[in-house]
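Me: I have a protein model to read and I want to know what the labels rest on. Can we go through them one by one?

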Amino acid sequence: MSDLTREEIAAGKKDGQATESLLREGERLDDLQREGLKLIQNPDWFCFGMDAVLLSAFARVGKGQVCADLGCGNGVIPILLAGRTEGARFCGLEIQADIADMARRSVRYNSLEDKVNIITGDIKEATSIFGAASFDVVTSNPPYLAQSRGLTNEAGHKALARHELACTLEDVVAAAAGLLRPGGHFFLVHRPFRLTEIICSMREHRLEPKRMRLVCPYVDKEPAMVLIEGTRGGNTGITVEKPLIIYERENVYTPEVMRLYDM
């Protein structure tokens with residue numbers, strides 16, 4: 001994805017009109033390659049990856065529905081969903097105040113203030129913040145690794161994004177269950193090695209797994225990600241979709257992935 005420098009955006013041009021500079025020192029503006037949307041990121045903190053793009057494509061948000069993204073980071077998933085669905089409102093919840101501020105500036109840059117709202121807060125308090133049963137859809141791209149798994153650096157932005165320092169998988173699933181209306185849908189991207197945990201936790205909180213797709217880097221390689229959908233209070237029975245293959249060969253995306261990126 002291409003990016004604009006701080007100096008270019010500070011020149012104050014967007015769609016031929018002057019706009020205030022929304023970038024801070026060390027930040028850049030990345031092109032999301034959809035509907036002209038762009039995202040402010042700081043490469044020294046943590047930049048979104050393909051998992052966020054795949055989750056936004058996997059999630060289904062119907063016309064007029066309201067959606068919450070738990071642990072929204074720089075706001076990439078709410079912004080992408082606002083651009084590709086007919087949902088009415090998208091709320092992002094992020095515990096780190098500086099990351100939430102960056103997400104709000106991206107929302108402002110894209111003129112999405114009427115559709116996307118970023119809240120600073122703790123996932124463990126999500127039901128108190130938003131109210132129980134207040135969303136049709138909940139999404140999350142949470143930290144994949146348990147706190148003790150390979151953690152060697154201090155609890156900075158990258159550590160919080162990768163490791164369960166501020167919340168656990170159980171916290172995320174419990175929050176989603178509390179926020180969803182009966183029949184509402186939860187969409188999660190995670191790592192396959194935790195699939196047993198994911199399914200057990202979802203069922204414990206009455207989020208019945210209904211759809212799953214594994215993501216493989218190459219057709220002959222084991223899965224690197226899993227996309228899973230659950231329905232609050234749904235009946236048993238899950239559809240396992242064919243795997244999504246990322247690369248045809250080195251540095252060459254498959255046609256399906258190219259479509260997801262609007263290439």
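Reply: Begin with handedness: a crossing is left-handed if the near helix is turned anticlockwise from the far one by less than a right angle, and right-handed if clockwise. The crossing of α7 and α8 is right-handed. This is a predicted model, where local features need pLDDT of at least 70, side-chain atom pairs count only at pLDDT 80 or more, and totals for chains, interfaces and linings use all residues. Residues are numbered from 1 along each chain as its sequence is written, and side-chain values use heavy atoms, with hydrogens and water left out.

Me: What is the average pLDDT of the protein?

Reply: The average is 88, on a confidence scale from 0 to 100 for each residue. A score of at least 70 is reached by 84% of the residues. Residues 1–20 are below 50, although this stretch has 33 contacts in the model beyond near neighbours in sequence. A contact means heavy atoms within 4.5 Å. Where pLDDT is low, the predicted coordinates should not be read in detail.

Me: What makes up the contact of α7 with α8?

Reply: Leu169, Glu170 and Val173 come from α7, and Glu197, Ile198, Ser201, Met202 and Glu204 from α8. By class there are four nonpolar, one polar and three charged residues. (Ala, Val, Leu, Ile, Met, Phe, Trp, Tyr, Cys and Pro count as nonpolar, Asp, Glu, Lys and Arg as charged, and the others, Gly among them, as polar.) Helix α7 covers residues 169–179 and helix α8 residues 195–204. They pack at about 35 degrees, with axes 9 Å apart. Axes are lines fitted to C-alpha atoms, for helices over the stretch in contact, and angles run from 0 to 180 degrees between N-to-C directions.

Me: Why is the pair of Phe58 and Phe187 called edge-to-face?

Reply: Rings of Phe, Tyr and Trp (its six-membered ring) pair if their centres lie within 6.5 Å; planes under 30 degrees apart count as stacked, over 60 as edge-to-face and the rest as tilted. Here the centres are 6.0 Å apart and the planes are at 85 degrees, so the pair is edge-to-face. Phe58 sits in helix α2 and Phe187 in strand β10, so the pair ties together parts 129 residues apart in sequence. (Helices, H or I, need at least four residues and strands, E, at least two; both are DSSP runs, numbered from the N terminus.)

Me: What makes the pair of Tyr253 and Tyr261 stacked?

Reply: Their planes are at 10 degrees and their centres 5.8 Å apart, so the pair is stacked. Ring pairs also link Tyr218, Tyr247, Tyr253 and Tyr261 into a cluster. The structure holds five aromatic pairs.

Me: Is Tyr261 buried or exposed?

Reply: Buried means under 20% relative accessible area, exposed over 50%, partly exposed in between (1.4 Å probe, protein chains only). Tyr261 has 9%, so it is buried. Tyr253 has 23%, so it counts as partly exposed.

Me: Why does Glu35 count as exposed?

Reply: Its relative accessibility is 63%, so Glu35 counts as exposed. Glu35 lies in the loop between β4 and β5. Its phi is near 55 degrees, a positive value in a residue other than glycine.

Terms used
pLDDT = per-residue confidence, 0-100.
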